[in-house]
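Take a look at the structure below.

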Amino acid sequence: MSDLTHMSIAGALKGLESKDFTAVELAQAHIDAVEAAKDLNAFVTETPEIALKQAAESDKRRADSKAGALDGIPLAIKDLFCTEGVQTTASSHILEGFVPQYESTVTANLFREGAVMLGKASLDEFAMGSGNTHSYFGNVINPWKGEDGKPLVPGGSSGGSAAIVAARAAMGATGTDTGGSIRQPASFCGITGVKPTYGRCSRWGVIAFASSLDQPGVLARSTEDCALLLQSMAGHDPKDSTSAQKDVPDFAAAITGDIKGFKIGIPKEYRMDGMPDEIEKLWQQGVEWIKDAGADIVDISLPHTKYALATYYIIAPAEASSNLARYDGVRYGLREEGEDLRAMYEKTRAAGFGDEVKRRIMIGTYVLSAGYYDAYYIKAQKVRRLISEDFTKAFEQCDALLTPTAPSAAFAIGENEDDPIKMYLNDVFTVPASLAGLPGMSVPAGLNADGLPLGLQVIGRPWDEETVFKVGGVLEEKAAFTALPQSVIRKAA
Amino acid sequence: MAQLTKGKTGEWETVIGMEVHAQVIAESKLFSGASTKFGAEPNSQVSLVDAAMPGMLPVLNEHVVEQAIKTGLGINSQVNKHSVFARKNYFYPDLPQGYQISQFDQPIVGEGTIEIDLKDGTVKEIGITRMHLEQDAGKSLHDQHPTKSYVDLNRSGCALMEIVSEPDIRGPEEAAAYISKLRMILRYLGTCDGNMDEGSMRADVNISVRKPGAELGTRAEIKNVNSVKAVQQSIDFEVQRQIEILEGGGEIKQETRLWDPDKNETRSMRSKEEAHDYRYFPDPDLLPLELSDEQIERIRKTLPELPDEKKHRFMDEFGLSAYDASVLIAERPRADYYETVAKDRDAKLAANWVINELLGILNKNDQDIADSPISAENLGGMIGLISDNTISGKIAKDVFAEMYKSGKDAGSIVEEKGLKQVTDTGAIEAIVDEVLAENPDNVAAYKGGKDKLFGFFVGQVMKKSQGKANPAAVNELLKQKLS
């Protein structure tokens, strides 16, 4: 049975179609795997009954030749997507017990195509973090372990999603990416993650962190699997004013392995002081693979890169401070009674939000305040435009960019906790593309000396996920990444 | 002419700017599909967006945008092709999102002017600074439970237009004329019903006083004044209050005040209210609002004739005085009624009847022109009967009263009651002779120089003819016979 949990989505769809196994068997195998992976703490809420019910319905549809594009595929849903009738928490105490009466557009699209939900995957509270250490429900543990065997972070904020897919307990997962929250955990967990162009997937029903940056995307174990999932998730939604009225191309069809004549840009500003050698080496390896495949390497410059993190840590908290104002104890979620209204607000929010969320609400409130707005928020918006223009100019010279996904491999739980800035540096390579709203992908490309996975990032032009998938597919083929997390090997043995 | 107020130290000038909040006439809210009907059960018109459930997003109501464009054009103001929705952040239980979506530095409508008509017949221009769209808040109910407050979100998210004037207003009369004119324009446009008692239009009044020619004084803002009368009264009170403070050597505090119509005074609101830093920033859930010239021109073509245009047309076309014209155009249904009455008839006579008789009796009975038992066609018919001498003006009053009572047309009433005017000079002459014969003393006095007695003879003749004698013929005959 464990074979079922190691299959690709594409393979499983074939197996279901040729009746090698049923959707219920596939679901059960994954429910068992979720059970076995409990020590990872990857789920806030497990929904095995729902999974089995959906799988049974899927089998019936397939028997009636009415199967959808993802019929019977078991997925983990990041607990930031509102799911009708199923608790949705954003990994926050303030939303503990909150059960939406509506389904997010992205999950509705997935379920329309027959996807099966295994549970709601943990995340950094309100998607704020890079290690999944800021969850009210405890940190998620990376299924990978270094030589010293210390528990590692899975990355964040989509850490639960990444960990559970890497642990072969879900075939894929939804994620959201605001500054790297899909790509960085994908890199830390040795899987593939795609953040599409801002506006490609609807944000309706996704609990907001920073509205101008948040974008739903996917985590899976191959570029093709990511393409299949994204295909069903994406598309215009009239309920989200920032969702684009654009046709969704056939992402999987773009993975041809042929990038001959393509120009791939290498931004010199991403070669940072103090970057570990192993990251530098991996990047160079990626360059060689691209050349081997017949594409040209172009040195390009993104001169405003060094301002990206600072810009991001003004804009994202500013929007968050406003987006999170609705959690006030009045209508839903946690309420801590107080002697008057103000006391109720203060007690509720003090008890309901964790430290990192409070930190960002305070930063955001500060940068929007009278007297600071121009110096921080307005200036950050101007720099954001410059960063965006950097990319526009770069794409006059090349078709996609190749960079490392993150400046390091997964680190030990607790390691960067004392210094928020150090934690923020994890997103140094992913944040610029987020600020520019560009599509990006992380592909597992190798292991470091400690046996931990490292990812390479491909960044594309707006709305050109096809080139991202094409280049990502080549890296995937060349890297032939087959390593498994220790916990998976142990269980298989 | 600026209206000045006398104080102990001389005259003071009042300077007023107004912010008027007008609820947009629309089926659904500014950013959600929930209904906007007034008076529904609490919380029965609340969408997931209005309740600010997690993950909900606003979608702009296109109809409201069209209404805003219409209003901008109607108040002679610049419609901005690029405008931006911004969040105004503050905590309150009737504000579910924790922010109000409004427009801040880039509103949909920019500068313009409207004309107000003053009692002395002069016209004054009041500058419009801007107009923007914003969400209304819900309503906190404090009287439903001994210890708890309830919140009704029906109004939460309804579209409001905030129309901001320049500080061009110089006293209670101008303020009243301004808000009345604005309300009239919005009603003509059909963009706001202007019902101040239902809260669909309310004003914040910014008031300061200064010695004529001096720099602007510190202002106080009176919030949520909800009738024209209250606007005037609150200004009267506030001006006196400020002058007393200043003349007593004190300083005006810039603050928000509340109008209490029961105590007839303004009161300071808690200063905490003003400590707000709203932290405005562009709403990242909404794209900037881009309008095309075509769209604006298309809406311009649908504009109705506006009050000022109508007023001038009534003066030119019907020869009415400025006063009569302003009374008639005050409400669009009233103007339409008048035009029907006046069609192909003596327009001035029609105006007199509509203004003096019809509006008089409707007012007395607290009725609108829409409730008038006399249709415009029937009143027009009556004017026709006066003009062709079928009835006299005096008889017409009786006919009018009967029309008001029964709703019948003038012709049938005249017919039924035999009120047709006597124009037969022979019959009138007989009555004239009779009257002169009965009053020899008066005839002698008249001939002796008491000209005023002429009216007495006319009265007697009319009385004898039961009002049916044609007054012109009576005058003519009396003149002949008494000369």
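## A tryptophan in a loop

A:Trp144 sits in the loop between β3 (116-121) and α6 (159-166) of chain A. The model is a predicted one. Is A:Trp144 buried or exposed? A residue counts as buried when 20 or more other C-beta atoms lie within 10 Å of its own. A:Trp144 has 26 C-beta neighbours inside 10 Å, so it counts as buried.

Which residues does A:Trp144 touch, leaving aside neighbours within four places in sequence? Its contacts include A:Leu152, A:Cys189, A:Gly190 and A:Ala410. A:Leu452, A:Pro453, A:Pro485 and A:Gln486 are also among them. Take A:Pro453. It is 309 residues from A:Trp144 in sequence, yet the two C-alpha atoms are 8.2 Å apart in space.

## A strand in chain B

Now turn to strand β6 (residues 99-103) of chain B. Of its 5 residues, 5 are buried, so the strand is largely enclosed by the rest of the structure. In a regular strand, side chains alternate between the two faces of the sheet. In β6(B), B:Tyr99, B:Ile101 and B:Gln103 point one way. B:Gln100 and B:Ser102 point the other way.

β6(B) has a partner. Strand β5 (residues 85-89) of chain B pairs with β6(B) in the antiparallel sense, over 5 bridges. B:Phe85 stands opposite B:Gln103 in β6(B).

## Chain B as a whole

Chain B holds 15 helices and 17 strands. Its C-alpha trace spans about 95 × 55 × 55 Å along the principal axes. A compact globule of 483 residues would have a radius of gyration near 23 Å, but chain B has 30 Å. The table gives some further values.

| Property of chain B | Value |
|---|---|
| Buried residues | 42% of the 483 residues |
| Contacts joining residues at least 24 apart, among those at least 6 apart in sequence | 69% |
| Mean pLDDT | 92 |
| Residues with pLDDT of 70 or more | 98% |

## Where the chains meet

How many residues of chain A are in contact with chain B? There are 32, and they meet 23 residues of chain B. The elements giving two or more residues to this side of chain A are α10 (308-323), α11 (341-352) and α12 (355-368) of chain A. α10(A) gives the most, with 3 residues. By type, the side of chain A that touches chain B has 16 nonpolar, 9 polar and 7 charged residues. The model scores ipTM 0.96 and pTM 0.90.

Conventions:
Residues numbered from 1 in each chain as written. Chains lettered and ligands numbered in written order. Predicted model: local features only at pLDDT ≥ 70, side-chain atom pairs only at ≥ 80, totals over all residues. Contact = placed C-beta atoms within 7 Å. Helix = DSSP H or I, 4+ residues; strand = E, 2+ residues; numbered from the N terminus. Nonpolar A, V, L, I, M, F, W, Y, C, P; charged D, E, K, R; others polar. pLDDT = per-residue confidence, 0-100. Buried ≥ 20, exposed ≤ 12 C-beta atoms within 10 Å, placed from the backbone. Pairing = 2+ DSSP bridges. Rg over C-alpha atoms; globule rule 2.2 N^0.38 Å.
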